[in-house]
Amino acid sequence: MKLVPLGDRVVLKQLVAEETTKSGIILPGQSKEKPQQAEVIAVGPGGVVDGKEVSMNVKVGQQVIFSKYAGTNVDVDGEEYIIVRQDEILAVCECS
């Protein structure tokens, strides 16, 4: 099954949480906080949303940071995705 977002929505695949800290401390499962960083999997067409013209500023493959409690979690074929509105994305990570 393929997710195709509508309007100004974006489908994200959350990145895996780190198992150890930078100093080498191993984190137990319940102590790990889900990262707020994800990869863009699909982007809606934009258009007129709530009476305003919306152009999409993110592209498939980019890594983004999104609001902590943003979006809706969806499970498709055993994979977990998050569907968010574009305005819930806080930043695009530009890797050099």
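Start by selecting Q86: at 12% relative accessibility, Q86 counts as buried, since the cut-off for buried is under 20%. Keep in mind that this is a predicted model.

Stay on Q86. This residue sits in the loop between β7 (79–85) and β8 (89–93). Now show its neighbours. Leaving out residues up to four places away in sequence, Q86 touches D8, V10, V54, S55, M56, N57 and V58. Zoom in on S55: its backbone oxygen lies 3.1 Å from a polar atom of the Q86 side chain.

Next, select D8, one of those contacts. D8 is buried, at 6% relative accessibility. R85 belongs to strand β7 and D8 to the segment before β1 (9–14), so the pair ties together parts 77 residues apart in sequence.

Which residue forms a salt bridge with E79? Select K13: the closest N and O atoms of the pair are 2.6 Å apart. This pair links strand β7 (E79) to strand β1 (K13), 66 residues apart. E79 is partly exposed at 35%, and K13 is partly exposed at 25%. The salt bridge count comes to 2.

Now colour the strands. An open sheet of 6 strands runs in the order β6-β7-β1-β2-β5-β8, with antiparallel pairing. At the edges stand β6 (72–76) and β8, each with a single partner strand, so one side of each has no neighbour in the sheet. On average, neighbouring strands are turned by 40 degrees against each other, direction ignored.

Finish at β5 (residues 63–66) and β8, which run antiparallel and are joined by 4 bridges. Select I65 and look across: A91 in β8 stands opposite.

Conventions. Residues numbered from 1 in each chain as written. Predicted model: local features only at pLDDT ≥ 70, side-chain atom pairs only at ≥ 80, totals over all residues. Heavy atoms only, no water. Helix = DSSP H or I, 4+ residues; strand = E, 2+ residues; numbered from the N terminus. Buried < 20%, exposed > 50% of the residue type's maximum accessible area, 1.4 Å probe, protein only. Polar contact = N/O pair within 3.5 Å; in protein donor to acceptor, adjacent residues only side chain to side chain. Contact = heavy atoms within 4.5 Å. Pairing = 2+ DSSP bridges. Axes fitted to C-alpha atoms, helices over the stretch in contact; angles between N-to-C directions. Salt bridge = Lys/Arg side-chain N within 4 Å of Asp/Glu carboxyl O.
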